[in-house]
Amino acid sequence: MTGGRDAEADAAVRPGERSSVQPPMAMLAELTYRCPLSCPYCSNPIEMAQREAELPTPAWTALMAEAARLGVLHVHLSGGEPASRRDLVEIVAAAHAADLYTNLITSGIGLTEKRLDALGAAGLEHVQLSLQGVDAAMADTIGGYRGGFDRKMQVAQWVRARDFPLTLNAVMHRRNLDRLEETIDLAVAMGARRIEVATVQFHGWADRNRAALMPTRAQAREATRIVHAARERLKGTLVIDYVPADHHADYPKPCMGGWGSTGLNVTPDGRVMPCHAAHTIPGLEFPRAGQTPLRDIWYDSAAFNAFRGFDWMQEPCRSCDRRTVDFGGCRCQAMAVTGDPAATDPVCTKSPHRPALVARAEADAGSDAPLVYRAGP
C-alpha cells in the first residue's frame, strides 16, 4: 500500500468533522457466518444471518473502495470462515486495488495451495490462523471438527512457504490456559511472527459458555506471568499480543480504543457497527452498507455517536482520571452484566457492580458445565 490516507480521507470528510472524529483505521469485514468449526467461544451472535442474506460480491467490492475513501487502512477479512465464500479472491483483489492492507482471519479449513496462490496473486498480505489447542485431542475437541488440527498445521506450512506473514490467534480459557507455554512454543515452531494470546471474551457463544470456559483467578495470574517472561525470552523472534482475563483484572480494557474511534465492523448482511457485539445493546439501530454511505454512518449515525467522547458517562467514570485510558470499558459488557450500557464496566474496582461480577466469575470458574457448541446459520 502507498499510505495515501491523508489526502484521500481529507477529501472525503465534510468540513468540521475531522476536528472531533478521526477516520477509522481498520474495518472488520465479516464476510459470512458459515464455518466448519463449532468453537464454543465464538463471538458470532447466537442468531446469525443466513447465507441468502449475505452481501453479494459487488456489494463487498464496492465497500472496499468506499472504506478506503473514508480513510480505512486495513481490512480484516473474517467470519465465520471467510474461505467459505467462493468469491474470496475477488474480494481480496478489490481491497488490494483500493490500497487496503489485507489480512485473512481463518481457521485454515477451506484453503488449498492453489487457493493460497490465487489469494497471493490477488494481493493478500497477511494470514491470521486460529489455534484451538496444541494437539489434535484438544484442538479438535474445542473446534468440534475432527482432523482440524492436522489440517491447520498443513495450512501453516503452505502459508510460510509463500512468505505470507503469519499470526496465530490463540483463544485461551480454563480448558487450555494451563498449556499456554506450549502454545507460545508452538507458535515459534510454526514460524509465526506474532501470536495473540486472547483470553476468552464473553460475547456471543462464549457468553453461553461462561461456566464451561471461565478461567480461575490463579490461571489468570499465571498467564500474565508466562506472557511477560515469554516476551523477554522471545524478543526479536515472536511478538506477543495479550488480552488478559478481564473478569479477574482491576480495571477494564480500553475496548476498541473507545467506542467509534478506531474501527468499524460490517456483518455478513451489511450492518455497520462499532464492534462485533454492539447489536446486543437495545435501542441502537445500525445502518447497512450500500444503503447509507459509509462516511455518513461513521460520522453521523446515532449508533456510532452513542458512546463517543465523555458526555454519556455516569459517575464514577465521568470524573475519573482513567476515563481517557479505558474510556469507561466495554459498553457491551456493561449491558450484559448491569442491564445499562452507559454504566461503568463492572470489571472496574470502582463499579458498584463489581462484587456481583467477581462472585459470578468465581462460581463459573468452579463449575463443571459442559460445552455448548456453536451452531451454524
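User: Helices are DSSP runs of H or I with at least four residues and strands are E runs of at least two, both numbered from the N terminus. With that settled, where is G80 found?

Analyst: This is a predicted model, so local features need pLDDT of at least 70 and side-chain atom pairs count only at pLDDT 80 or more, while totals for chains, interfaces and linings use all residues. Residues are numbered from 1 along each chain as its sequence is written, and side-chain values use heavy atoms, with hydrogens and water left out. The peptide bond leading from G79 into G80 is cis, its omega being near 15 degrees. As for its place, G80 is in the loop between β2 and α3.

User: Is T344 buried or exposed?

Analyst: T344 sits in the loop between α13 (331-338) and α14 (354-365). The cut-offs are under 20% relative accessible area for buried, over 50% for exposed and partly exposed in between, using a 1.4 Å probe and protein chains only. T344 has a relative accessible area of 7%, so it is buried.

User: Let's zoom out. How does the radius of gyration compare with what the globule rule gives for 377 residues?

Analyst: The protein has 14 helices and nine strands. The globule rule is 2.2 Å times the number of residues to the power 0.38, and the radius is taken over C-alpha atoms. The protein is as compact as a globular protein of that length, because its radius of gyration is 20 Å, close to the rule's 21 Å.

User: What share of the 377 residues is buried?

Analyst: The C-alpha atoms fill a box of roughly 50 × 50 × 40 Å along the principal axes. Of the contacts with a separation of 6 or more, 74% come from residues 24 or more positions apart. The buried share of the 377 residues is 55%.

User: Which elements cover the buried residues of α3?

Analyst: The buried residues of α3 (residues 88-97) are L88, I91, V92, A94 and A95. They are on the same side of α3 because they cover an arc of only 160 degrees around the axis, the arc being that of the directions from the helix axis to the C-beta atoms. Their cover includes α2 (57-70), β2 (74-78), β3 (101-106) and α4 (113-122).

User: And what do the buried residues of α5 pack against?

Analyst: In α5 (residues 136-143), the buried residues are M138, A139, D140, I142 and G143. Just after this helix, G144 takes a positive phi of about 65 degrees. The packing partner of those buried α5 residues is α6 (148-161).

User: D163 has a positive phi although it is not a glycine. Is D163 buried or exposed?

Analyst: Most residues other than glycine have a negative phi. D163 has a phi of about 65 degrees, and its place is the loop between α6 and β5 (166-172). With a relative accessibility of 60%, D163 counts as exposed.

User: What is the relative accessible area of F327?

Analyst: F327 is another non-glycine residue with a positive phi, near 55 degrees. It is in the loop between α12 and α13. F327 is partly exposed, and its relative accessible area is 26%.

User: How far apart in space are R318 and L100, C-alpha to C-alpha?

Analyst: R318 lies in the loop between α12 and α13 and is partly exposed, at 40% relative accessible area. Residues up to four places away aside, it touches F310, D311, W312, M313 and R323. R318 and L100 are 218 residues apart in sequence, and their C-alpha distance is 37 Å.

Conventions: Contact = heavy atoms within 4.5 Å.
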